[in-house]
Amino acid sequence: EMCIRDSSNCANSGIDVVGVLTQYESVLLNSYVAAGGRWGLDAKDSGVYVLPPREKADAGLDVYRGTADAISQNIDFIDSQNPEYLLILSGDHIYKMDYSEMLRRHKESDAACTISVMEVPWEEASRFGIMSVDGEDMITEFAEKPRQPKSNLASMGIYVFSWKALRRYLTEDEADPGSENDFGKNIIPKMLADGQRMAAFRFQGYWKDVGTIASFHETSMDLLGNNPEFDLFDKHFPIMSNITTRPPHYIGPDGRLDDCLVSNGCKIYGTARHSILSVSYTHLTLPT
């Protein structure tokens, strides 16, 4: 569902053509994400498109070999949309962002690439792509997961590219047998080495990487409370999702709820505290 959250961000930002690149265990996700009406992306010239890997005849592969390869395999789709700019997002992060502000920064900087960044604790900096910037927040150095980071300004894995420039680098990268076909390891360092203008866009707000079970649990707990860090009920920037056909949730005679989010289809006969109850796990109490 991380891709769904990105679709919500796109719809809230005025972006109306979204491609979702899927790979592992993607059957359920494909059926879930492809209905653009759920995300407000069902107008005449808008839509959500599921883009699975293409089989490579010379290698017998039907996987994305890296983040850059995922885009390269879909150059024909991107060309069909004839974009001037391309926004590339990661699918395992939780945040709300108006991408139009990032695009404005990209245009004003006359950049070939703009990377959304935020400051992270120094002790965690080696887990991220780290960059150094000048006085105008133009990127001067980039290091992918450095052992001894020079700064704590981390890439969020959110990029805006001028499509003509990126297309050339992707084509060259695909032709390089020694490349790992990765944005952080190959594309961005090559663009920086070539002297391309690269801008940083500073993000301030809630952002969590949910690539592990522990971080997923921590982020889920952030949804609870009277003033949650990540507000699902924000009317100005709503998180859109599918509309379930399950019956309303039911609270039995002895049912008690305290600080819980409860989805349709759940039946509560006991006590649940500080929990998220959903159709995936009908009764799960997570500890504080």
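Let me start with the aromatic residues, where ring pairs link Y159, F161 and F183 into a cluster. Please keep in mind as we go that this is a predicted model, so I will come back to confidence at the end.

Across the structure, the count of aromatic pairs comes to six. One of the ring pairs I would like to look at with you is formed by F128 and W207, whose ring centres are 6.1 Å apart. How are the planes of these two rings arranged? They meet at 50°, and because planes between 30 and 60 degrees apart fall into the remaining class, the pair of F128 and W207 is described as tilted.

Where do these two residues sit along the chain? F128 belongs to the loop between β5 (113-119) and β6 (129-133), while W207 is found in strand β10 (residues 207-209), and the pair therefore ties together parts that are 79 residues apart in sequence. Are F128 and W207 buried or exposed? Both of them are buried.

A ring can also have a charge over it, and here K96 lies over the face of F230, at 5.1 Å from the ring centre.

Now to confidence, as promised. The protein has a mean pLDDT of 81, with 76% of its residues reaching 70 or more. Strand β9 (residues 198-202) has the highest confidence, at 96, whereas helix α1 (residues 2-12) has the lowest, at a mean of 54. Over residues 1-5 the pLDDT is below 50, although this stretch has 19 contacts in the model beyond near neighbours in sequence. Residues 281-288 likewise have a pLDDT below 50, and for that stretch the model shows 19 contacts beyond near neighbours in sequence.

Methods: Residues numbered from 1 in each chain as written. Predicted model: local features only at pLDDT ≥ 70, side-chain atom pairs only at ≥ 80, totals over all residues. Heavy atoms only, no water. pLDDT = per-residue confidence, 0-100. Helix = DSSP H or I, 4+ residues; strand = E, 2+ residues; numbered from the N terminus. Contact = heavy atoms within 4.5 Å. Phe/Tyr/Trp six-rings, centres within 6.5 Å; stacked < 30°, edge-to-face > 60°. Buried < 20%, exposed > 50% of the residue type's maximum accessible area, 1.4 Å probe, protein only. Lys NZ or Arg CZ within 6 Å of the ring centre and 35° of its normal.
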